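Please read the numbered points alongside the display.

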Amino acid sequence: MKIRVEALKHLSHFSENFLSQYAKNRNFDFGKNKRDNTSCLSKYITHRVIDELEVIQSAHSKYPYTTVEKFIQEVCWRTYWKGWLELRPNVWKSYRDDLLKLQDEKKNTSYLNAIHGATSVECFNDWVNELKETGYLHNHARMWFASIWIFTLKLPWQLGADFFLKHLLDGDAASNTLSWRWVAGLQTKGKHYLATSWNINKFSAKKYDNLKLNEKANSLFESNNFTPIPLHFDKTENDNSLFLAHNLDSSYLLKHTKKMFSHYALFDFNKVLENESYSKKVIDFKAQINFEILEQIKNDFQSNLILDNADGLFKIVEEKNIKSIIMPYLACGYENDFINELREKIRIFYLARDYDQFCFPFSTKGFFAFKDQIHKILTKFL
Ligand SMILES: Cc1cc2nc3c(=O)[nH]c(=O)nc-3n(C[C@H](O)[C@H](O)[C@H](O)COP(=O)(O)OP(=O)(O)OC[C@H]3O[C@@H](n4cnc5c(N)ncnc54)[C@H](O)[C@@H]3O)c2cc1C
């Protein structure tokens with residue numbers, strides 16, 4: 001896969017030249033033309049063009065642990081968020097329900113000004129434009145953006161999370177929803193993140209005079225308590241099965257090249273995401289990955305079958321007398337919601353990676369408790 005070669009090159013260039021200084025420099029947003037103090041690997045990792053373990057392994061093999069500890073912890077934040085949401089899928093459901101209720105708010109001038117970068121907060125407008133242009137924002141800018149959206153512009157956090165998810169090339173239901181909740185003070189109850197003019201001017205390359213931010217706001221509050229539900233991972237059945245590859249685990253088949261299933265196809269979720277108004281930039285990026293997965297299925301399994309809707313899938317199931325569908329694990333998100341509806345009509349099994357099965361159950365509490373397990377994770381997988 002060309003995109004995987006690109007990602008691996010990027011990882012190696014970052015590791016050799018910038019990783020050793022990551023802990024010291026990572027909080028600075030030097031602007032869109034100087035993005036080498038963090039890895040910028042997130043768009044690849046979200047789609048598992050390269051996976052978390054490969055990234056951790058690469059860092060671990062090049063430097064003493066203390067040099068790369070911070071970087072490995074950041075990669076583990078992703079795993080932690082994913083596990084946390086898998087254990088509490090109702091948080092995603094409640095977010096989607098809220099979005100439905102908030103549709104009318106999207107007509108309000110304050111919301112429209114925000115998404116068009118036409119507010120009175122100059123830095124915020126810059127980030128809106130950067131996000132639309134590049135599909136990326138630095139982590140610190142994401143925190144400032146979310147804080148200003150919630151506490152200065154006083155817009156519903158769910159609409160901000162929605163705007164991010166649909167414009168970020170690395171858009172990930174867990175990292176995104178839970179980071180927005182964290183900024184709002186819902187994730188760690190009562191502990192919100194307040195962007196300050198001082199902090200923005202210290203860490204951002206561009207300096208902003210006269211930023212008028214609400215630096216004294218109270219945390220948001222919700223009455224729901226989301227308790228963890230034990231995780232269950234499917235055991236697959238291979239009887240005349242159809243394997244559906246998808247771009248949220250793009251490298252799955254690279255690691256499973258032996259023919260295990262009777263039929264192979266690509267499931268293209270872009271129609272599902274277009275219905276949810278994902279940006280063209282994100283859709284195009286996903287289309288590029290899909291194209292390469294399809295090439296691989298053609299080469300390795302002599303199939304050029306693409307499916308992108310329920311009717312097409314049911315037609316193939318009938319024609320080929322498919323008994324079960326197998327796909328790489330889909331975590332909470334629009335793609336999983338779509339497949340879950342079909343699961344009522346046909347047997348669909350998710351294949352979870354060993355890494356996810358091992359790590360997700362550690363997300364029962366806060367990140368500090370998860371962090372204590374990192375040595376166990378490294379011992380098991382490195
Ligand atoms: C409001 C908000 C929304 C966010 N939405 C997303 C999202 O949709 N998708 C996404 O991948 N990340 C999201 N993040 C987390 C983080 O901002 C990005 O992962 C990071 O900026 C990506 O840049 P990088 O690859 O250079 O990261 P690096 O600093 O180089 O980190 C290496 C890798 O670790 C992971 N990582 C780093 N920081 C975090 C973090 N705080 N949480 C989870 N994973 C992390 C990413 O996979 C990243 O590629 C969000 C953060 C905030 C505050």
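**Note on the predicted model**

1. The protein is divided into three parts: domain 1 (2-85 + 364-381), domain 2 (99-203) and domain 3 (241-351); these bounds come from an automatic or database domain assignment. The model is a predicted one, in which local features need pLDDT of at least 70 and side-chain atom pairs count only at pLDDT 80 or more, whereas totals for chains, interfaces and linings use all residues. Numbering starts from 1 along each chain as its sequence is written.

2. The secondary structure comprises 19 helices and five strands. Helices (H or I, at least four residues) and strands (E, at least two) are DSSP runs, numbered from the N terminus. The radius of gyration, 21 Å, is close to the 21 Å that the globule rule gives for 382 residues, so the protein is as compact as a globular protein of that length. That radius is taken over C-alpha atoms, and the rule is 2.2 Å times the number of residues to the power 0.38.

3. Of the 382 residues, 36% are buried. A residue is buried if 20 or more other C-beta atoms lie within 10 Å of its own, exposed if 12 or fewer, and partly exposed in between, with C-beta atoms placed from the backbone.

4. The ligand is surrounded by 27 residues, the closest being Thr 38, Ser 39, Ser 42, Asn 176 and Ser 179; a residue is near if its C-beta atom, placed from the backbone, lies within 6 Å. Helix 3 (42-46), helix 5 (65-87), helix 9 (139-152) and helix 11 (173-184) each give two or more residues to this shell. Domain 1 and domain 2 each contribute at least three residues to the shell.

5. Seven residues of domain 2 are in contact with nine residues of domain 3, where contact requires C-beta atoms, placed from the backbone, within 7 Å. On the domain 2 side, helix 10 (157-167) and helix 11 each supply at least two residues. The centres of domain 2 and domain 3, taken over C-alpha atoms, are 31 Å apart.

6. Ile 348 lies in strand 5 (residues 348-351). It counts as partly exposed because it has 19 C-beta neighbours inside 10 Å. Leaving aside residues up to four places away in sequence, Ile 348 touches Ile 325, Met 327, Ile 339, Leu 342 and Arg 343.

Definitions and conventions
Two residues are in contact if their C-beta atoms, placed from the backbone, lie within 7 Å.
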